[in-house]
Amino acid sequence: MYWPVDSANHTVLSAESELPLVESSVGRVLVCHAAEHSAHLSTLMNEVFRVLTAGGKALFIVPNRRGLWSSRTNNPFGFGHPYHIAQMRHRAELAGFTFIGASSALFYPPSDTRPVLRLSHQMERAGRMLLPYRGGYCWWKWRNNFMHLFLNPPPEAVLSCFPS
């Protein structure tokens, strides 16, 4: 993978367990539609935690288990493993992250018909007000709480962060 074409490369394709970055080298990480296809989500989260600087932030964008989009296979969110907000929060906290915030979007049903598409803006607005965590995908923002790992180390994080 090479992007952008006209300057230095800013992309990489790697295994989720071997990000080609040095420990504590990145202040921000965007994990967009990788968690739902991960065979080992805890490994991916531990690896993101490893490369983040202390206080660094990670943004995970994942299909919402409770959203309309993940229940249909006529769209990209209908594949992989969707997550509920409590599941993602639990997994991230096991890896040592501190929860910052969450939100959801894509409240209108997956459709390509004109009447539904015309109403999409109103449906998004209503969905955010009435059903804030029922959108097609959710995003979660986490902070690398490096000291938390030493004060309260979960066994899973200890094994993967400090291999023997």
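This is a predicted model: local features need pLDDT of at least 70, side-chain atom pairs count only at pLDDT 80 or more; totals for chains, interfaces and linings use all residues.

Colleague: Which residues touch the most other members of the largest nonpolar core?

Modeller: Met45, Val48, Phe60, Met88 and Phe97, out of 23 residues in that core. A nonpolar core here is a set of buried Ala, Val, Leu, Ile, Met, Phe, Trp, Tyr and Cys residues joined through side-chain atoms within 4.5 Å. Buried means under 20% relative accessible area, exposed over 50%, and partly exposed in between, with a 1.4 Å probe and protein chains only.

Colleague: And which elements supply at least two residues each?

Modeller: S1, H1, strand S2 (52–63), helix H2 (85–94), strand S3 (97–105) and strand S4 (137–144). H1 gives the most, with 6 residues. Those labels are DSSP runs numbered from the N terminus: helices are H or I with at least four residues, strands E with at least two.

Colleague: What does phenylalanine 60 touch?

Modeller: Not counting residues up to four places away in sequence, Phe60 touches Val31, Met45, Val48, Met88, Cys138, Trp139, Trp140 and Trp142. Contact means heavy atoms within 4.5 Å.

Colleague: Changing topic: serine 38, buried or exposed?

Modeller: Serine 38 is buried, at 11% relative accessible area, and it lies in the loop between S1 and H1. A polar atom of its side chain is 3.2 Å from the backbone nitrogen of histidine 40. Leaving aside neighbours within four places in sequence, serine 38 is in contact with Glu16 and Leu44.

Colleague: Where is histidine 33, and what's its phi?

Modeller: Histidine 33 is in the loop between S1 and helix H1 (41–51). Its phi is near 55 degrees, a positive value in a residue other than glycine. Histidine 33 is partly exposed, with a relative accessible area of 27%.

Colleague: What about serine 24?

Modeller: Serine 24 also isn't a glycine, yet has a positive phi of about 55 degrees. It sits in the segment before strand S1 (26–32) and counts as partly exposed, at 36% relative accessibility.

Methods. Residues are numbered from 1 along each chain as its sequence is written. Side-chain values use heavy atoms; hydrogens and water are left out. A polar contact is a pair of N or O atoms within 3.5 Å; within protein, one must be able to donate a hydrogen and the other to accept it, and residues adjacent in sequence count only if both atoms are side-chain atoms.
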